[in-house]
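Visitor: I would like to learn how to read a structure like this one. Please show it to me and take me through its features.

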Amino acid sequence: MIVKELLTAVTGAMTTGTASRGTEVEGWFVMVKDTQGRFQSNQLWGDGWGWSLFIADQPDSSVTTNYKTECIGCHIPARKYDWIYLNGYRVLETTK
Ligand code: HEC
């Protein structure tokens with residue numbers, strides 16, 4: 001399972017230069033690996049993963065209804081790495 005936490009951010013001048021830092025949690029993008037295609041009739045599952053976005057103030061249910069229209073289009077550049085942007089995780093990239 002991979003969780004991408006979304007934070008609001010503030011940017012300002014510091015002694016090191018312009019710096020940004022996360023503040024409030026806004027939500028989470030979640031991907032759950034599914035190598036067996038277990039939920040083929042569910043529109044949140046496919047291409048080897050379950051795909052969902054959760055908003056922080058309503059964490060009990062996903063706001064995503066269809067990963068094909070809401071997720072995978074943006075992940076096409078990462079298709080050869082199983083849809084994950086591995087360049088953000090150098091350790092995983094070198095073991096691939
Ligand atoms: C507007 C384009 C866009 C959409 C829509 C999008 N993603 Fe992503 N996603 C990205 C990009 C670019 C990254 C890597 C850079 C980053 O994290 O900002 C990423 C990273 C991720 C990550 C962290 C793992 C990784 O590949 O780095 C997860 C998990 C994720 N997305 C899940 C989802 C899910 C689930 C959906 C649909 C609900 C979704 N994304 C929709 C562009 C998108």
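**Reading the ligand site and the sheet**

Guide: A polar side-chain atom of Lys-4 is 3.1 Å from an oxygen atom of the ligand. A polar contact is a pair of N or O atoms within 3.5 Å; within protein, one must be able to donate a hydrogen and the other to accept it, and residues adjacent in sequence count only if both atoms are side-chain atoms. This is a predicted model, where local features need pLDDT of at least 70 and side-chain atom pairs count only at pLDDT 80 or more, while totals for chains, interfaces and linings use all residues. Residues are numbered from 1 along each chain as its sequence is written, and side-chain values use heavy atoms, with hydrogens and water left out.

Visitor: Which polar backbone atom lies 2.7 Å from an oxygen atom of the ligand?

Guide: That atom belongs to Tyr-85. Tyr-89 has a polar side-chain atom 3.3 Å from an oxygen atom of the ligand.

Visitor: How many residues surround the ligand?

Guide: A residue is near a molecule if one of its heavy atoms lies within 4 Å of it. Here 16 residues surround the ligand, and the closest are Lys-4, Cys-71, Cys-74, His-75 and Tyr-85.

Visitor: How many disulfides are found in the whole structure?

Guide: A disulfide is a covalent bond between the sulfur atoms of two cysteines. The search looks for a pair of cysteine sulfur atoms within 2.5 Å, and in the whole structure it finds 0 disulfides.

Visitor: Is Cys-71 buried or exposed?

Guide: Buried means under 20% relative accessible area, exposed over 50%, and partly exposed in between, with a 1.4 Å probe and protein chains only. Cys-71 counts as buried because its relative accessibility is 12%. Cys-74 counts as exposed because its value is 62%.

Visitor: In what order do the strands of the sheet lie?

Guide: Strands (E, at least two residues) and helices (H or I, at least four) are DSSP runs, numbered from the N terminus. Two strands pair if DSSP finds at least two bridges between them. The 4 strands form an open antiparallel sheet in the order β1-β2-β4-β3. β1 (2-14) and β3 (45-46) stand at the edges with a single partner strand each, so one side of each has no neighbour in the sheet. β1 pairs with β2 (residues 17-33) over 12 bridges, and Val-3 has Val-30 in β2 as its bridge partner.

Visitor: Where is Thr-64 found?

Guide: Thr-64 is in the loop between β4 and α1 (67-70). Thr-64 counts as buried because its relative accessibility is 7%. A polar atom of its side chain lies 2.8 Å from the backbone nitrogen of Leu-53.
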